[in-house]
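Look at the structure below before reading on.

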Amino acid sequence: MILVPNYATYRKRDGFLISLLLKKKKKFLCLVASERKRERERERVGYRKVQEGSFSASTKPSSFSVLFLTLLEHDYIGLAEKPSMEISEKSSHLNLNLKETELRLGLPGSESPERKPTNLISLFGKDLRNTNALKNLVAGSKRGFSDDAVVDFEGKINNTHKASQSAKPKQDKKPEISETNDHVSPPSSKEQVVGWPPIRSFRRNTMACSLIKNKDDDEEEERKPSEASGFLYVKVSMDGAPYLRKVDLRMYTNYMQLSSALEQMFTCFTIGECNSGGFPGKDGLSESSLRDLLHVSVHVVTYEDKDGDWMLVGDVPWEMFTESCRRLRIMKGSEAIGLAPRAMEKKGWSHNNNCRRIK
Amino acid sequence: MPRIAYAFPDEVLEHVFSFIHSDQDRNAISLVCKSWYEIERWCRRSIFVGNCYAVSPVMVVKRFPKLRSISLKGKPHFADFNLVPEDWGGYACPWIEAMASAYPWLEEIRLKRMVLTDESLELISKSFKNFQVLVLSSCEGFSTDGLAAIAANCRNLRELDLRESEVEDLSGHWLSQFPDSFTSLVSLNISCLGSEVSTCALERLLAGCPNLQSLRLNRAVPLEKLVNLLGRSPNLVELGTGAYTSEMQPDVFSDLSRAFVGCKQLKSLSGFWDAMPYYLPAVYPISSRLTSLNLSYATTESPYLVKLVSECRNLQRLWVMDYIEDSGLEALAVSCKDLRELRVFPSDPFGLEPNVALTERGLVSVSEGCPELQSVLYFCRQMSNAALVTIARNRPNMTRFRLCIIEPRKPDYLTLQPLDAGFGAIVEHCKNLRRLSLSGLLTDRVFEYIGSYGKKLEMLSVAFAGDSDLGLHYVLSGCDNLRKLEVRDCPFGDKALLANAAKLETMRSLWMSSCNVSFGACKLLGQKMPRLNVEVIIDERGPPDSMPESCLVEKLYIYRTVAGPRMDMPGFVWRMEGDSALRVS
């Protein structure tokens with residue numbers, strides 16, 4: 001479902017981006033620029049059919065789109081500052097605020113432990129100052145961006161993605177996940193490696209269910225057997241990534257863990273996009289790559305719920321989310337503009353009733 | 001002595017061949033001469049295809065016109081651990097369609113790690129008049145609607161086994177689709193399903209099927225209902241319970257116990273989700289009959305597990321969680337002298353510190369006490385060379401040894417040395433070892449041992465091990481019977497792969513992920529070996545053409561095939577062929 005309000009400012013050739021809050025805690029819809037979506041579709045289909053010869057770099061954003069982005073960026077700055085603070089004040093019981101669902105570009109070996117905007121290339125108005133970081137991105141070996149923990153073959157395990165470890169509260173860990181390693185002592189915090197230890201997904205799901213059940217028993221809550229269904233693997237797609245991944249929602253107990261895991265999984269694709277203009281080894285960054293990076297920046301996680309509507313991750317309590325989420329999609333921030341519904345309210349943006357439903 | 005072969009009419013040869021069931025023997029027969037090839041192919045009834053892309057459905061149908069049973073495997077083994085992306089392949093559809101038109105009398109379909117749709121299930125249910133056996137092991141892509149079609153239309157269904165498949169669970173109503181006249185069920189395994197199935201439908205089904213021998217329920221079936229169900233199926237040999245937990249009620253307990261005793265053939269128990277200690281003793285009256293016990297979902301504490309296991313003196317197979325601890329395994333070693341297979345699963349695989357007292361000592365005691373032990377899967381947090389050497393010396397009859405030390409690259413905890421010597425002893429002493437999984441800190445040395453001693457080794461799984469290409473080279477050049485090799489996160493690279501290119505045609509498949517293999521090598525391999533499919537899975541967009549030769553491949557899957565490139569490769573899989581990566585769309 002796509003709603004298109006009548007915002008003159010946002011009526012662009014490329015399409016519209018709207019988010020609309022209908023009721024508190026109810027659905028809100030992210031609209032994806034339809035033409036941009038088609039453009040991406042063409043791209044994706046196009047590259048699969050290429051048989052030989054050079055693959056043309058991912059379409060550079062037209063100058064118009066850059067303008068669009070700049071505009072949005074400008075507006076976003078205004079938006080971004082307040083809402084995150086307010087959201088975090090308001091929903092302290094929810095682990096999520098906007099920033100925490102964002103994927104950041106974490107570099108192997110570099111530290112982006114906290115979700116500080118300063119280290120990041122972000123649409124949230126921070127300067128694109130990290131040319132060094134960018135160079136590292138380009139120069140880094142491909143292997144570094146595998147979604148496994150980067151393994152140093154001299155026998156140590158590098159701590160690549162330490163993102164947001166310190167942001168997480170110290171928790172008594174149920175053995176569903178060991179991403180927070182707050183007892184950091186040598187060997188330093190271990191990251192969870194994909195597919196290790198080698199336990200089949202069926203068994204992992206079952207164990208996760210058992211632990212949840214036990215937790216509930218402790219709290220003297222009853223869970224019907226039918227609720228403890230075996231599988232909570234949901235597909236995760238990221239715009240521009242070549243293939244889907246699957247995550248097991250029962251592995252995590254809050255939004256921060258989930259977003260951390262997603263970040264780990266998908267950082268390699270983000271880097272890939274950065275490199276679309278060339279491959280590591282090329283000197284510096286071309287202007288086009290920089291523009292590509294503007295594209296890339298912040299990502300927002302959305303999910304499709306049982307009713308088929310796309311919602312922003314983080315609005316509802318975690319348990320409710322795990323029960324209703326059917327699949328996840330990581331969109332670029334540029335597509336999910338205005339996704340802070342409360343911010344919209346704050347700003348007094350009233351949604352126009354003149355809405356058009358597309359699709 | 002000319003023409004001896006023609007002295008026997010074909011019918012006689014066919015009759016002789018009908019006593020030969022093993023696939024390998026059948027394959028050998030077909031190589032003797034052309035007429036034997038012809039006769040054999042007309043009378044082959046059952047076929048096993050270990051890699052569904054090694055041959056095409058059309059070829060199979062053409063060669064074997066009278067098949068009754070087919071087994072297929074799709075995705076690589078590491079797909080179980082989330083290493084193979086979604087939509088990689090393994091589609092059963094083309095096979096089902098080909099068989100639907102060619103084999104109206106097909107009786108059995110067994111699929112493992114394949115993707116199957118509801119449409120295919122419906123096609124199966126309608127195309128094969130005498131369809132009897134459907135086993136879907138770790139499959140996905142279908143829902144309970146497809147199962148409803150099978151239930152409704154397969155009048156002679158004997159076996160429906162969904163072990164560990166990922167089924168989209170729309171409702172439990174599909175079970176009611178079995179018609180009232182349905183009597184042929186012998187085996188039903190629905191343990192992977194999440195939602196409740198109607199107990200009435202189950203009871204009705206069981207009442208109508210007196211030959212039911214194997215019933216594995218799903219977690220949603222409560223313990224109280226189990227009693228009724230057992231009452232209706234007195235001929236059960238294998239039972240998988242539902243959730244083994246309930247309010248502590250003495251009458252439920254005694255009913256349960258009586259129900260177990262009432263099934264006089266019962267030999268195998270599984271299920272036991274959330275098993276409560278209170279109800280475990282209900283099994284004691286039949287414990288001496290049990291040969292197989294799967295407690296791997298029972299999160300019960302050690303003493304209760306130990307008590308139960310000690311009662312089962314005739315146990316041959318035990319799957320259990322590490323709650324059993326070393327002390328429990330010692331008790332097992334004392335009581336169960338006929339134990340052949342042991343699997344110990346971790347209760348807390350992602351925790352940093354051990355949560356139970358399970359170490360290498362448990363495995364050592366079992367290896368000492370159980371003379372028949374052949375197959376081991378063991379997750380633990382520490383291991384020593386001394387322990388492995390002891391195990392190897394105790395159990396030279398070991399055929400499958402899979403050890404997973406939870407922390408990657410962990411050395412011998414006593415000496416801090418690599419575990420090369422320990423695993424070396426395993427391959428040296430266990431001359432019939434067919435399957436081996438390594439873990440812990442390992443150098444190239446261990447591969448040297450494997451290459452020189454592992455002559456019967458058929459499947460090897462390696463993770464976070466080795467120092468250089470030599471490791472891979474030792475294995476590929478030394479293990480004569482190697483069929484499947486899967487490697488992750490090891491510094492194996494181009495040299496070993498290219499030097500042993502010919503070996504790859506003698507194997508079913510090779511999986512390498514996060515190793516040091518370059519694109520250039522893959523292209524070269526693809527060019528030189530046309531009967532291999534060298535498939536790379538890439539993260540970046542665009543074909544590997546534009547990637548420099550030295551760029552490393554993230555995931556590589558090589559398998560032999562007579563069917564050429566596969567037609568269903570997704571966007572991120574590319575087949576290497578010489579100078580340009582080819583995509584056939």
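What covers the buried residues of helix 8 of chain B? The cover includes strand 8 (187-189), strand 9 (214-216) and helix 9 (223-232) of chain B. This is a predicted model, in which local features need pLDDT of at least 70, side-chain atom pairs count only at pLDDT 80 or more, and totals for chains, interfaces and linings use all residues. Residues are numbered from 1 along each chain as its sequence is written, and side-chain values use heavy atoms, leaving out hydrogens and water.

**Helix 8 of chain B**
- Helices are DSSP runs of H or I with at least four residues, and strands are runs of E with at least two, numbered from the N terminus.
- Helix 8 spans residues 199-208, and its buried residues include L202(B) and L206(B).
- Buried means under 20% relative accessible area, exposed over 50%, and partly exposed in between (1.4 Å probe, protein chains only).

**Salt bridges**
- A salt bridge is a side-chain nitrogen of Lys or Arg within 4 Å of a carboxyl oxygen of Asp or Glu.
- D180(B) forms one with R204(B), with the closest N and O atoms 2.4 Å apart.
- This pair links distant parts of the chain, since R204(B) lies in helix 8 and D180(B) in the loop between strand 7 (166-168) and strand 8, 24 residues apart.
- D180(B) counts as exposed because its relative accessibility is 65%.
- R204(B), at 36%, is partly exposed.
- R200(A), D80(B), R113(B) and E164(B) are linked in a network of salt bridges.

Notes
Chains lettered and ligands numbered in written order. Contact = heavy atoms within 4.5 Å.
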